[in-house]
Amino acid sequence: MAISKRERTLSIWIGIAIGVACSSMLFRYALEEKEERSSNRPGNYDSLLTASEGKPFAPLPEAVTSIIPNGIVIYFDRNDSVSLVPPVTSSMKWVIETAGSFRSERLFILVEKNPNPSVYDCYRASELYLALVPGVSEQRLEKALDEDRFRIIGRNEATRECIVQIKDFSPAGIRSSLRELSDVEGLVEGVRLSPWKPRN
């Protein structure tokens, strides 16, 4: 028995409607599945496990997540402050990789709990500012540095300090680099953390 043109058209439209509904449901399911996997991945703020070693970290306060949304926690510790300025006290520190579409937009940010309540200091985790002794050249400093761990990547235009990139940007690595670079006798006048502020 042959079906009429009208019945054929109706059956085609019913098939299309069922196909669209099914594909929409599958798409929504895939998105939810991806979101759930992403939220449990180490380093994600909700996972409470660092991306580097899968170690537990203290939840990030809202003051931090509002300025660094969707970051990845690489390191966390509660040991001595990275600052070399006495008195050195223990503090909570997170190293967070910021999210960005391009690799050049991603930064490693050190967030450290300030002794003042509800204040968090932010620094570029992989860069330090280094002031040279007057008369010392960048080339002379470069020869004195361990090239596997430190690299001069430029100068701060305002202060003329060298910007030194460090390989180990864990809180312990930053602390160790500050100490080591400040002990380079006859070449280095001072070393400090590189402050970071979010773009508005």
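Modeller: Let's start with a definition: buried means under 20% relative accessible area, exposed means over 50%, and partly exposed is in between, using a 1.4 Å probe and protein chains only. Before we use it, note that this is a predicted model, in which local features need pLDDT of at least 70, side-chain atom pairs count only at pLDDT 80 or more, and totals for chains, interfaces and linings use all residues. Residues are numbered from 1 along each chain as its sequence is written, and side-chain values use heavy atoms, with hydrogens and water left out.

Colleague: Fine. Why is cysteine 162 called buried?

Modeller: Its relative accessibility is 0%, and the cut-off is under 20%, so cysteine 162 counts as buried. Cysteine 122 comes out at 12%, so that residue is buried too.

Colleague: What does the secondary structure of the protein come to?

Modeller: Four helices and seven strands. These are DSSP runs numbered from the N terminus: H or I with at least four residues for helices, E with at least two for strands. From the N terminus on, the order is α-α-β-β-β-β-α-β-β-α-β. Across the 200 residues of the protein, 33% count as buried.

Colleague: What makes glutamate 161 buried?

Modeller: The value is 10% relative accessibility, so glutamate 161 falls in the buried class. Glutamate 161 sits in the loop between strand S5 (150-155) and strand S6 (162-166).

Colleague: Which side chains make polar contacts with the side chain of glutamate 161?

Modeller: Threonine 159, at 2.6 Å, and arginine 192, at 2.7 Å. A polar contact is a pair of N or O atoms within 3.5 Å; within protein, one must be able to donate a hydrogen and the other to accept it, and residues adjacent in sequence count only if both atoms are side-chain atoms. Contact in general means heavy atoms within 4.5 Å. Setting aside residues up to four places away in sequence, glutamate 161 touches Tyr129, Leu130, Ala131, Gly154, Arg155, Asn156 and Arg192.

Colleague: Is asparagine 70 buried or exposed, and why?

Modeller: Asparagine 70 has a relative accessible area of 63%, so it is exposed.

Colleague: Which residues touch the most other members in the largest nonpolar core?

Modeller: Leu130, Leu141 and Ile174, out of 24 residues. S4, S5, S6, helix H4 (171-182) and strand S7 (188-195) each supply at least two residues of this core, and S4 gives the most, with five. A nonpolar core is a set of buried Ala, Val, Leu, Ile, Met, Phe, Trp, Tyr and Cys residues joined through side-chain atoms within 4.5 Å. Beyond its neighbours within four places in sequence, leucine 141 contacts Leu130, Leu132, Ile152, Cys162, Leu187 and Val188. There's a second, separate core of 14 residues, which includes Tyr45, Phe57, Val73 and Phe76.

Colleague: How does the reach of H4 sit against the expected value?

Modeller: H4 has 12 residues and spans 17 Å from first C-alpha to last, close to the 16 Å expected at 1.5 Å a residue. That expectation is 1.5 Å times one less than the number of residues. Buried residues in H4 include Ile174, Leu178 and Leu181.

Colleague: Last one: why is proline 195 called partly exposed?

Modeller: Its relative accessible area is 46%, so proline 195 lands in that middle class. Proline 195 is in strand S7 and, leaving aside neighbours within four places in sequence, is in contact with Cys122, Tyr123 and Tyr129.
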